[in-house]
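Please review the structure shown below together with the briefing that follows. The points are grouped by topic for a reader new to it.

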Amino acid sequence: MIRIYALESTNNNSNIIICPDCDLLLTEQKPALGYSISCPRCGKRLRKRKKDSVRRTFVLSITGLLMYLPAVLLPLMTFESLGFSDSATVIESIVNFYHNGYHFVSLMVFLSALIFPLLLLVMIFVLSFNLHRHHYPAYLRTLFKYYIHLEDWAMLEVYLLGVLITVIKMVDSSEIVYHAGLFCFTSLVVISIAISTTIDKQYFWQLIEDKGVLKNSPPTPMAVDFTSKLTTGLQHKLIICHTCEKIVAAHSAGKSCPRCATKIHSRLPGAIGKTSALILTSILFILPANLLPIMKVDFLGVTDESTILDGIIYFFQHGSFFIGFIIFTASILVPVFKIIGLSILLFSTRPCAARFLRKKTIMYRWIAFIGRWSMLDIFVIALLVALVDFGFFTSVHVASAATYFCLVVTTTMFAAITFDPRIMWDDCTQSQSKSILKKHSP
Ligand SMILES: [Zn+2]
Ligand SMILES: [Zn+2]
């Protein structure tokens, strides 16, 4: 990927953009195909031109919808051991949690591996179909708004990694027969990733706004006094919508965004309080999540319970260092990193610590990105419970830590969503801000 940097605002004739992570006001530049523009102050990627985005997204969404039902209804694989055999579909792996009384865990897996991926496919199909046919009904903006909010909660690719780890865990102790469902599910994951890379969100919003029922929405303010030495949107009395990134005048705060109808705020309201409360809650849950057993294995009537750490040690003892490291990273390192990382951001928000401001903003983006991968262990257990049910001989069951672990994942994901990285930059003086800008500009 070739990256260029947006220019700091210098004239009053161009469209403007505001960085959603640090609020820097910039002159909008249309990047050439294959190029992206990034914020020179915090490194956030602001725009990337994508070729033929509407048509490609439309074709991929149809393919994804055709693949969805066989992917979730057909068996993924069968485990065979000592004359016993058991196969599982994605749905069965969820139903088992529910039948064992783990309703919250089953709800989380149900939503993240089944419902949200389907909703996203349906929404992006309807959206791209309409844009492709040059139809711009009013509901498109609501559809796209929910699509953007749901994106982080669909976890097909994490589930697929869970399938891979389950296979590696069981390959020595049982015969594994792969079915068409696994092929369809893998294809579905590839299509979902392809959709997220082909969709040009800013271009989609532009079409909805320019050609749809929002023709009369106020234009992006252009006449900004760049002769002053102020650099941020807020200092120019401009704010950016958190969902669609439309720029509106500051007096619109508290009203609905003219483009996506989300309530606009100059900064996310109560960000520090909400994030602190969620982090404290996740700290309460992380102890039982790691100390209590997360899985029970019955073997010839004898029950063996294991914690998350026991599962990791199992892989290291059996020479699967890479898989052990992946589960250690997803189940222990990522939740701890999120809690410590967000705590550092909260404690150092004010006053401005210019030295690490850019690094802290990059860390925030990593925290927001990796949150969902912690669900890996839950997906592995869901598959093992469904696939290893050989009656009295041996069976796998979920244990109490699973609920606490899901609560840790959920609360830390919400903590990252409620935090607003711009408040870290707000107290910086102009000279501090300029020095970061100068240091990182090409
Ligand atoms: Zn920025
Ligand atoms: Zn908006």
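**The second largest pocket**

In this predicted model, the second largest pocket has a volume of about 490 Å³. On a 1 Å grid over the protein atoms alone, a pocket is an open set of points with protein on both sides within 12 Å along at least five of seven lines, and lining residues have an atom within 4 Å of a point. A volume is the space filled by probe spheres set on the points, which are joined across faces, edges and corners.

- Lining this pocket are 21 residues, of which K169, M170, V297, Y314 and V396 are the closest to its centre.
- Two or more lining residues come from each of α5 (156–170), β12 (295–299), β13 (302–306), α9 (308–317) and β14 (394–398); helices (H or I, at least four residues) and strands (E, at least two) are DSSP runs, numbered from the N terminus.
- The lining of the second largest pocket comprises ten nonpolar, six polar and five charged residues. Ala, Val, Leu, Ile, Met, Phe, Trp, Tyr, Cys and Pro count as nonpolar, Asp, Glu, Lys and Arg as charged, and the others, Gly among them, as polar.
- Domain 2 (53–91 + 107–217) and domain 3 (268–424) each contribute at least three residues to this lining, with bounds taken from an automatic or database domain assignment.

**Strands β12 and β14**

- β12 and β14 pair in the antiparallel sense over five bridges; pairing requires that DSSP find at least two bridges between two strands.
- V297 stands opposite V396 in β14.
- Four of the five residues of β14 are buried (under 20% relative accessible area, with a 1.4 Å probe and protein chains only), so β14 is largely enclosed by the rest of the structure.

**The largest cavity**

- The whole structure holds one cavity of 30 Å³ or more, a cavity being a set of points where a 1.4 Å probe fits but cannot get out.
- The largest cavity has a volume of about 90 Å³.
- Its lining has 13 residues, with K169, M295, G311, D377 and I381 nearest the centre.
- α9 gives the largest share of that lining, four residues, and α9 and α12 (376–387) each supply at least two.
- By class, the lining of the largest cavity has eight nonpolar, three polar and two charged residues.

**Conventions**

- Residues are numbered from 1 along each chain as its sequence is written, and chains are lettered from A and ligands numbered from 1 in the order in which they are written.
- Local features need pLDDT of at least 70, side-chain atom pairs count only at pLDDT 80 or more, and totals for chains, interfaces and linings use all residues, while side-chain values use heavy atoms, leaving out hydrogens and water.

Methods:
Buried < 20%, exposed > 50% of the residue type's maximum accessible area, 1.4 Å probe, protein only.
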